Amino acid sequence: SVSAETFDGTDLKGLYRDSLDWYPEWTPSNPEWTRYMDQRAAQVARIKDSQQRFDGYLVTIQQGLIVPAFTKRGWAVIQTPPEVHRMLNESLHAGLAKDKIRKEGRVDQIQCDGGMRTCDGDERPFFVSNPRLNREVLLELQPLHEEWSGVDLVPSIAYGLRVYQKGSSLTMHTDRVDTHVISSILHVDRDYGGNEPWPIV
């Protein structure tokens with residue numbers, strides 16, 4: 001085991017000793033990645049539900065020890081290419097105007113009530129489907145993904161436009177390693193209906 005720093009007042013080594021009697025040494029071991037993974041580890045250790053906490057351990061260990069790191073930090077925030085944003089925004093509003101949206105199925109990672117339960121029924125997100133545009137955006141973003149990751153990529157899948165309902169949140173998760181190891185989320189538009197914004201994560 002290795003010594004872990006206290007993160008946001010949380011004794012990571014103590015938490016993991018109590019739960020697992022072990023604390024991982026993250027790969028790669030640079031300070032920025034270690035701090036990021038320590039943050040993830042602290043989040044998982046605070047999960048109350050034992051099954052969700054166990055699943056969180058598996059995901060965190062997969063990300064921090066098994067899957068190769070392509071970047072120092074693992075994520076970045078950049079501006080969406082203007083033409084890509086325009087196409088997505090037009091598709092979103094066309095779908096909303098023509099009532100071409102549908103309710104998405106139940107997704108365990110989309111939570112309501114501050115992460116206390118999975119959103120269901122009328123709380124589930126809406127979804128706007130446009131497979132042709134999805135493919136076009138996937139190819140447009142490929143050079144950005146390759147520049148960021150430093151590797152040549154094979155385009156895999158673009159999901160579509162998800163419209164989150166007020167108060168819902170997307171919990172920490174890892175997508176499929178075989179198809180989503182390099183991926184991005186695009187913020188297309190927002191409408192708070194006069195209410196205060198809420199954190200999506």
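Buried residues, those under 20% relative accessible area, make up 28% of the 201 residues in the protein. Exposed means over 50%, and partly exposed lies in between, with a 1.4 Å probe and protein chains only. The model is predicted: local features need pLDDT of at least 70, side-chain atom pairs count only at pLDDT 80 or more, and totals for chains, interfaces and linings use all residues. Residues are numbered from 1 along each chain as its sequence is written, and side-chain values use heavy atoms, with hydrogens and water left out.

**Secondary structure**

- The protein has six helices and eight strands.
- Both kinds of element are DSSP runs numbered from the N terminus: helices are H or I with at least four residues, strands are E with at least two.
- From the N terminus, the order is β-β-α-α-α-α-β-β-β-β-α-β-β-α.

**Helix α3**

- Helix α3 covers residues 50-66, which is 17 residues.
- From first C-alpha to last, α3 reaches 23 Å, close to the expected 24 Å. The expected span is 1.5 Å times one less than the number of residues.
- Its buried residues are Gly56, Tyr57, Thr60, Gln63 and Gly64.
- Viewed down the axis of α3, these buried residues fall within an arc of 145 degrees, so they line one face of the helix. The arc is taken from the directions that run from the helix axis to the C-beta atoms.

**Packing of α4 and α5**

- Two packed helices are described by the angle between their axes and the distance between the axes.
- Helices α4 and α5 pack at about 165 degrees, and their axes are 11 Å apart.
- Axes here are lines fitted to C-alpha atoms, for helices over the stretch in contact; angles run from 0 to 180 degrees between N-to-C directions.
- The two helices are therefore roughly antiparallel to each other. Angles over 145 degrees count as roughly antiparallel, under 35 as roughly parallel, 65 to 115 as roughly perpendicular, and the rest as oblique.
- The crossing of α4 past α5 is left-handed. That term applies if the near helix is turned anticlockwise from the far one by less than a right angle; clockwise is right-handed.

**Salt bridges**

- Side chains of opposite charge can pair when their charged atoms come close.
- The count is nine salt bridges, each a side-chain nitrogen of Lys or Arg within 4 Å of a carboxyl oxygen of Asp or Glu.
- Arg86 pairs with Glu83, with the closest N and O atoms 2.4 Å apart. Both residues lie in α4 (residues 82-97), three residues apart, about one turn of the helix.
- Arg86 is partly exposed at 35% relative accessible area. Glu83 is also partly exposed, at 43%.
- Arg132 and Glu136 form a salt bridge at 3.0 Å, N to O. These two are four residues apart in α5 (residues 131-149), about one helical turn.
- Arg132 is exposed at 58% relative accessibility, while Glu136 is partly exposed at 30%.
- An α-helix has 3.6 residues a turn, so residues three or four places apart point the same way.
- Glu123 and Arg117 meet in a salt bridge at 2.6 Å, N to O. Glu123 is partly exposed at 28%, and Arg117 is partly exposed at 32%.
- Arg106, Asp108, Asp120 and Arg124 are linked in a salt-bridge network.

**His180**

- His180 sits in helix α6 (residues 177-180).
- His180 counts as partly exposed, at 25% relative accessibility.
- His180 and Pro155 are 25 residues apart in sequence and 9.6 Å apart in space, C-alpha to C-alpha.
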